[in-house]
Structure formats: structure tokens, C-alpha cells
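Here's a quick tour to read with the model open in your viewer.

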Amino acid sequence: MKTGSIILAAGKSTRMKSAIPKVLHVLGGKKMVEYPLEVLTPLSDLKPVVIVGNEAETVQKVIGDRAQYALQEPQLGTAHAVLQAKPLLDGKVDTILVAYADMPLISRDTFQQILETHQTHRAVMTLLTFQSEKARGFGRLLRDENGNPREIIEESVATQEQLALRELNVGVYCFDAAWLWEALPRIPVSPKGEYFLTDLLSSAVVAGKMVKTVSLADPDEAIGINNRIHLAEAEAALRKRVNNHWMLGGVTILDPATTYIETTVTIGQDSVILPNTYLMGNTTIGEGCQIGPNTIVKDTQIGSRCRVTFSVLEKAIIEDQVDIGPFAHLREGAHLAQGVHMGNFGEIKNSYLGPGTKMGHFSYIGDATIGAEVNIGAGTITCNFDGVRKNPTEIGDHVFIGSDSMLVAPIKLGEGARTGAGAVVTKNVPDYSLAVGVPARVIRKLAKPDG
Ligand code: UD1
Ligand code: CA
């Protein structure tokens, strides 16, 4: 038995009032359409088929070769959308899962359950429903006197009596492929000229075929996105899901309501995340760290037992036992080795700071390679930009940079060198030498420590 899958993403999504197609709006750091795609890929024997139409090229560019595509032009409704996948799937799969790209919170377990129910009962159609007081514009499921599903009634064509029905159609289906291709073209057109996928239910019932329903356990999964209020609701539900995952995995989150962890992030055991913290993109955090409050970490690797307070970190690497903030800014290519301390009001870009190096107060370090156990005095600046080029700075182990030193790059400070407070260093300083003044001059050799 082979399984295929179809994701509907061709609609106009007028209710979002957006220049961006709805399915490309971001949720938990990913595009909406990526959720069904990632969940359906491991359940499908062929790449999922994404139905594109509105802004087809933009959508295809984002998904790339993770899917196959069928173009729906014009968009005549959900049944018409599914029919466009026929040339790609007919004769290749026996069972087909169908999902809407605007229902991103449906879990893999739910799809799995539908697939299993469908196959166990040899149904032609299996669909997901849930009971809710809030109808949210969903189709209503009508059952016969024996409780068997009979029909789905779209809100736009429902009577007052039907609108009161509380079992809703979530919009996830499993079909017998042969039956689907035969039944789809026979769906009647709606008064507005659309072909409703939901009408397949009554077709199956009338033909005496087996139809099954699965009811959704977690109502949050049924949050569909038609407008930006729904988008915020989905974001909150997803945030809860992600935070719960990490808390059950041994991470302390002081205030889950103000902790924003994207689905792409990983966090080690016994780390503590304090309020107003955003962990984004390709970020990993080791064990026993304390991150936040008020911190943004994006695309950054943080080792174990680090502390980051009131800071912004982007595309950086932080080894173990590093202490950062408050008010530090790490930019692309900052690499802080084990035991580095970076205090308040510092900025580091494209630079390596060796083990145990300390930068306590108000400094800018850019395009620098700095050794171990260096003391970077308050107010030190690497003057890396000469108006045309970015120039490198090299600083050896055990260097002591006096407060308010300007290091005019390209420049090298040798091992054990020192600069005086306020020095403007324009020439290389040799190992174990003291340079002072403006411009700085070497005034003394320094004793090498024993060993
Ligand atoms: C649909 C269901 C409804 C269900 C609800 C739950 C139908 C007729 N109705 O209504 O029973 O309760 O979802 O989420 O299926 N699309 C296309 N091509 C089209 C039309 C739509 O690809 O021609 C795509 C849209 O991009 C969207 C999805 O199909 O991702 C659903 O379409 P939408 O218009 O949002 O349907 P609903 O009104 O929400
Ligand atoms: Ca919808």
C-alpha cells in the first residue's frame, strides 16, 4: 500500500489583507506551508504535492524541491484544487492524505491516526472533526439518525438549523485514491461557482461507501488561519506547544507567556529561560545556562553553563562558561571561547576572543583575533574601518589593553604587550612592550612572567 499526500495552497487568502500569500506568513519562525509539508513528508511514499495558484512562483521558491507541484488556475475551490494533483499521483499511490496549508498546527500523530483508521476500516474517505462552540466559519458535519456521517455543510450555504450544529470539519482527509479520482469530477458546482471537496462525503454516503471520522483530541490543532487574529492565536498555541516540550524535557521557563522559542531551537537540560526572551532560527543552547531576561538569540550556538542577560546575539558562537551582558551585542562571526566575560555595552563582530579573555565595559571589537587571558580595558575600540576597507587586528595572549585605547587597524599587539590608558595605537606593539600616548610609542620592555 502506497500513500501520497496533497497540500492545498492555491487560494487567494483575501481575508489576510496582505501582499504576501497567506501560506507564506510566518508562524513560530517558519512559513505556514512548511508545517503540513514537514508533517506529511515522512508519512508519504512520494514527495507531497503542493497545489499552487495565487503567487505560485513565490510559494514554489520557498518550498523548493521538498515537494512536487500542480498548478491550479483559475482557483475553483478545494475539490478542483485536489483534482489538479491527479496527473502526479494517479496509479502511483493507493491512499491519499489531503491537508489545507492554512491549518498548520495539525500534528503528525493526528495524520497518522487518520491514516490508520482509514486503512483499518478500508474506508473510501476518512475525515477529522471536532466539537466546538466557536464555529470559526468551519463546515458543519451532519450525521444521520444512527450517528453515521452524512454530509458536510459549508457555512455559506447552511440553514439556521444547520449553523447550530457543533461538530466541525477540520479539513484533514484521507481518501482511497481510485475512488477519489472517480468521484471528484462528479462533484456539483456550488451557487458561487466553486467545487467543494467537502461534497465528497455525501457522494460516498449516497454510493453506500465506507466513511469514517476521527475526532481531534487537542482543539488547538484545529486553529485555522483565515485572518491575522487567527495567526496570533496559532502563534500562541504553537508557543505553548514548544514551551511545554522544553519544560517536559528539563528546561525551566519562568514565564512561558513571554518566552518565544522557535521550533528550530534546541535547549539543554537544566537551562533556565527568563522572561521576554526570544530564541530564534538555528540556535542551540547547552546545559545549565541562564538566558534572559530581555534577550534575543538568533542563529547562535551557546555552550553549557553560560549566562546571557539583557543582550542581543546573532550568528555567534559561544563556548562553555561564558558570561555576557547586560546590554551586550554579538554580531555575525563573534566567537567567544570558554570562560570569556563580556560585560555591559560591548559590541563584537567577526572576531575571536580566546579562553578567559575579559571585556568588561563599553568596547567595540571588530575583525579581531584575540588570544587567551587578554584584558580589554573599558572603552577599547578596534578602529577597523578606514573609510574604504575593513582591517584586521591581532592581539596575542596575556595582553593588557589600557582603558580607552584606540587600536587603529591593521595592527598587531604581541604576546604580553600593554597599552596605557588613552593610547592611540597606530603601529604594531612587540611582545612584552608597553606603548603609551597619542600616537602611541613603546616606552619600556616588560618582564616575561616565569615559564
Ligand atoms: C475549508 C472547508 C471547510 C473547513 C475549513 C477548515 C471546503 C469547501 N471547506 O473552508 O469545510 O471547515 O476549510 O479549515 O473545503 N484552496 C486552493 N484552491 C482553491 C480554494 C482553496 O488551493 O480553489 C486552498 C486555500 O489556499 C487554503 C485551503 O485550500 O489553504 C482551504 O481554503 P479556504 O478558502 O481557506 O477554505 P475554508 O473556507 O477555510
Ligand atoms: Ca481556511
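## A greasy spot on the surface

Phe310, Phe327, Phe345 and Phe362 make up a nonpolar surface patch, and together they have about 400 Å² of accessible area. Keep in mind that this is a predicted model. Take Phe310 from that group: its place is the loop between β21 (307-308) and β22 (312-314). Phe310 counts as partly exposed because its relative accessibility is 33%.

## Inside the protein

In soluble globular proteins, nonpolar side chains tend to be buried together. Here, the largest nonpolar core has 68 residues, and Ile6, Trp181, Leu197 and Leu200 have the most contacts inside it. Strand β10 (residues 167-176) gives the most to this core, with six residues. Another core, of 58 residues, lies apart from it, with Met32, Val251, Cys306 and Ile411 among its members.

What does Trp181 touch? Leaving out residues up to four places away in sequence, the list is Ile6, Val82, Leu83, Ala85, Lys86, Leu89, Asp90 and Ile96.

## The calcium site

Asp102 (OD) and Asn226 (OD1) coordinate the calcium ion (ligand 2), at 2.2 to 2.6 Å. These two come from distant parts of the chain, 124 residues apart: Asp102 is in the loop between β6 (95-100) and α5 (108-120), while Asn226 is in the loop between β11 (211-215) and α9 (228-248). Are they buried or exposed? Asp102 is buried, with a relative accessible area of 15%, and Asn226 also counts as buried at 15%.

## Salt bridges

Side chains of opposite charge can pair when their charged atoms come close. The structure holds 13 salt bridges, including these:

| Pair | N to O distance |
|---|---|
| Arg66 and Glu38 | 4.0 Å |
| Glu167 and Arg143 | 2.7 Å |
| Asp220 and Lys240 | 3.6 Å |

Arg66 sits in the loop between α2 (56-63) and β5 (68-71), and Glu38 in helix α1 (residues 34-40), 28 residues apart. Arg66 is partly exposed at 31% relative accessibility, as is Glu38 at 37%.

Glu167 in strand β10 and Arg143 in strand β8 (residues 140-143) are 24 residues apart. Glu167 is buried, with a relative accessible area of 11%, whereas Arg143 is partly exposed at 30%.

Asp220 lies in the loop between β11 and α9 and Lys240 in helix α9, so their pairing ties together parts 20 residues apart in sequence. Asp220 counts as partly exposed at 25% relative accessibility, and Lys240 does too at 48%. Finally, salt bridges with shared partners join Lys30, Glu34, Glu38 and Arg66 into one network.

Methods:
Residues are numbered from 1 along each chain as its sequence is written. Chains are lettered from A and ligands numbered from 1 in the order in which they are written. This is a predicted model: local features need pLDDT of at least 70, side-chain atom pairs count only at pLDDT 80 or more; totals for chains, interfaces and linings use all residues. Side-chain values use heavy atoms; hydrogens and water are left out. Donors are N, O and S atoms within 2.8 Å of the metal (3.2 Å for Na, K and Ca); water is not among the atoms, so sites may look incomplete. Helices (H or I, at least four residues) and strands (E, at least two) are DSSP runs, numbered from the N terminus. Buried means under 20% relative accessible area, exposed over 50%, partly exposed in between (1.4 Å probe, protein chains only). A nonpolar core is a set of buried Ala, Val, Leu, Ile, Met, Phe, Trp, Tyr and Cys residues joined through side-chain atoms within 4.5 Å. Contact means heavy atoms within 4.5 Å. Patches are made of residues with over 30% relative accessible area and no salt bridge: like charges are joined within 9 Å, nonpolar side chains (Val, Leu, Ile, Met, Phe, Trp, Tyr) within 5 Å. Accessible areas come from the Shrake-Rupley method with a 1.4 Å probe; for residues, only the protein chains shown count as cover. A salt bridge is a side-chain nitrogen of Lys or Arg within 4 Å of a carboxyl oxygen of Asp or Glu.
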